[in-house]
Amino acid sequence: MSKLVPVPSGSMVPERDAGKHPILECVDLGITFGGLKAVEDFNIMIGPTEISGLIGPNGAGKTTVFNLLTKVYQPTRGTILLDGRDTHGMNTMQVSRAGIARTFQNIRLFNNLSVEDNVKVAMDANMKYSMWSGIFRLPRYWQEERSARERALELLSLFSMEKLAGVKAGSLPYGAQRRLEIVRALATHPSLLLLDEPAAGMNPSETAELMENIRKVRDTLQIAILLIEHDMNLVMNICEGICVLNFGRIIAKGTPAEIQSNPAVIEAYLGKQG
């Protein structure tokens, strides 16, 4: 795990990402719902190969941040820069094509489709054959289909799931469905992967396997990963930088060791002691 080093903006990024353009930079990001400030003054910088964590008590605003990054919600104020590009005015599809992919707390697979087809569905936006090629099954169609199958199997192999390609997604065990959802997100060729509670419902063995898979994804694809997670063992063992949110505001940022010993974080999770 790379140590964090300061950059000119005053943020911290992994040492290997120093001198590189951050993949994500949020500046004074916020959103208000009917007078309620759900997220306020959210500032974060993520290096291009960083595994970062966003944690906080229930209701802290973590999923709202993900919804802002993916334009499910449009920010009331602030700026989101994706690889230096301002995403202002983009919609959800445009942000996805620009390089952000996400998973959700609740699994959203096509249960009646095969594992392979679930992954290939996510590739549709990158398919390069025309409507007529698809209708008449012209050579360009078959060429793209072969490429999509090869890419799907390649991604599934990251999670040792290639032998399950023909199995219906709905028949997979819970942990495998979680892994498939991550594979499907990767099929959009993201530069930033957002994981919303990827270990939810997993047993300790599955969580340990997930931890290794997340590292493998980062190392193999050289992408950044931002995860929301309540399993502190996973967060502290895999994240290089951690941001703590409470009542929509950042109360702490730092390394796992710094976050674990931060009094404001301890109070947010446990309440005032004594």
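This is a predicted model: local features need pLDDT of at least 70, side-chain atom pairs count only at pLDDT 80 or more; totals for chains, interfaces and linings use all residues.
A charge sits over a ring if NZ of Lys or CZ of Arg is within 6 Å of the ring centre and within 35 degrees of the ring normal.

**Entry: Arg108 and a ring**

I looked up what Arg108 does beside Phe104. Arg108 lies over the face of Phe104, at 3.8 Å from the ring centre. Arg108 turns up again in the next entry, among the contacts of Arg184.

**Entry: Arg184**

I found Arg184 in helix H6, which covers residues 174-186. Does Arg184 have a salt bridge, or no salt bridge? Arg184 has none, although this residue is buried. The nearest side chain of opposite charge belongs to Glu181, 4.2 Å away.

Next I listed the neighbours. Leaving out residues up to four places away in sequence, Arg184 touches Arg108, Leu109 and Phe110, and also Asn118, Val119 and Ala122.

**Entry: aromatic pairs**

How many aromatic pairs does a search of the whole structure find? It finds one. Phe33 and Tyr73 make up this pair, with an edge-to-face arrangement: 5.2 Å centre to centre and 75° between the planes. The pair links distant parts of the chain, 40 residues apart. Phe33 belongs to strand S3 (residues 24-33), while Tyr73 sits in the loop between helix H1 (62-69) and strand S6 (77-82).

Phe33 is partly exposed, with a relative accessible area of 36%. Tyr73 also counts as partly exposed, at 30% relative accessibility.

**Entry: the sheet**

S3 and S6 sent me on to the strands. Four strands form an open sheet in the order S4-S3-S6-S7, with antiparallel pairing. Its edge strands are S4 (36-46) and S7 (85-86), each pairing on one side only.

In what sense do S3 and S6 run, and how many bridges join them? They run antiparallel, and five bridges join them. Along this pairing, I noted that Cys26 stands opposite Ile80 in S6.

S6 and S7 pair in the antiparallel sense over two bridges. Here Leu82 stands opposite Arg85 in S7, and Leu81 stands opposite Asp86 in S7.

**Entry: the turn**

Last, I looked at the hairpin of S6 and S7. It has two residues between the strands. Asp83 takes a positive phi there, near 55°.

Technical notes: Residues are numbered from 1 along each chain as its sequence is written. Side-chain values use heavy atoms; hydrogens and water are left out. Buried means under 20% relative accessible area, exposed over 50%, partly exposed in between (1.4 Å probe, protein chains only). Lys and Arg count as positive and Asp and Glu as negative; His and the chain ends are not counted. A salt bridge is a side-chain nitrogen of Lys or Arg within 4 Å of a carboxyl oxygen of Asp or Glu. Contact means heavy atoms within 4.5 Å. Rings of Phe, Tyr and Trp (its six-membered ring) pair if their centres lie within 6.5 Å; planes under 30 degrees apart count as stacked, over 60 as edge-to-face and the rest as tilted. Two strands pair if DSSP finds at least two bridges between them.
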